[in-house]
Amino acid sequence: VDVRESKRKRALALGADSAVPPDALEGPARVVLDFVGNDDSLAAAAKIVEKTGVVVQIGEAGGTIPFGMETAPQESWITTSIWGSLGDLDTVLEYARNGSIDWQVETLPPADANQALARVREGSVEGRIVLTPWFRHSRSGRSGFGVARPSPPPPLVRPGRQRAFWG
């Protein structure tokens, strides 16, 4: 579910069974994973979750949902999940290293943080923007997507620390 057609098309290209705008949601759903976490997405999740179902808020967009007997079906659960285990993180990083993840990442220098934030707010970012102080950057839009490749660290960063991160 996404408000932007480009995101729905990407979901379908990556193998999703269906991709619909929020107003086309049909319920009830046993489990709802909210990767946005704003007021609208949480309200939609509470609206379609089934009785005894669960809504898991993963996104951190600062949304809230009213609590009460009429805000979600009886005996439904609303919970959060921010991170997995360190083992999960190791697994995801290994997938990234070996190219198993089809992701879109645009790297930018920290000096472009305000521009990046403006693009996120206007919804024009496909994938993710990562601010990286010493990586090669691509300012050419789509051509910058892919795995960020480390450049040599600046002199004040100990190489051992970088090796520990990228392992």
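Modeller: Happy to! A residue counts as buried when its relative accessible area is under 20%, and as exposed when it is over 50%, with partly exposed in between. Keep in mind that this is a predicted model.

Colleague: How much of the chain counts as buried, then?

Modeller: Of its 167 residues, 26% are buried.

Colleague: And which elements make up the chain, from the N terminus on?

Modeller: There are 5 helices and 5 strands. Reading from the N terminus, their order is α-β-α-β-β-α-β-α-β-α.

Colleague: How should I read a sheet?

Modeller: The general idea is that strands of a sheet pair through backbone hydrogen bonds, in either a parallel or an antiparallel way. Here, an open sheet of 3 strands is ordered E1-E2-E3, and the pairing is parallel. Its edge strands are E1 (29–34) and E3 (77–80), each of which pairs on one side only. From one strand to the next, the twist averages 15°.

Colleague: How many bridges join E2 to E3?

Modeller: Strand E2, residues 49–57, is joined to E3 by 4 bridges. To find one on screen, look at Val 54, whose bridge partner in E3 is Trp 77.

Colleague: Which helix packs on that sheet?

Modeller: Helix H2, residues 39–48, does, touching E1 and E2. The direction of H2 makes about 155° with that of E2.

Colleague: Now a single residue. Is Ser 124 buried, partly exposed or exposed?

Modeller: Ser 124 has a relative accessibility of 36%, so it counts as partly exposed, between the 20% and 50% cut-offs. You'll find Ser 124 in the loop between helix H4 (113–122) and strand E5 (128–131).

Colleague: Which residues is Ser 124 in contact with, leaving aside neighbours within four places in sequence?

Modeller: Arg 4 and Arg 119. Arg 4 and Ser 124 are 120 residues apart in sequence, with their C-alpha atoms 9.6 Å apart in space. For the chain as a whole, take the contacts between residues at least 6 apart in sequence: 39% of these join residues at least 24 apart.

Conventions: Residues are numbered from 1 along each chain as its sequence is written. This is a predicted model: local features need pLDDT of at least 70, side-chain atom pairs count only at pLDDT 80 or more; totals for chains, interfaces and linings use all residues. Side-chain values use heavy atoms; hydrogens and water are left out. Two strands pair if DSSP finds at least two bridges between them. Helices (H or I, at least four residues) and strands (E, at least two) are DSSP runs, numbered from the N terminus. Axes are lines fitted to C-alpha atoms, for helices over the stretch in contact, and angles run from 0 to 180 degrees between N-to-C directions. Contact means heavy atoms within 4.5 Å. Buried means under 20% relative accessible area, exposed over 50%, partly exposed in between (1.4 Å probe, protein chains only).
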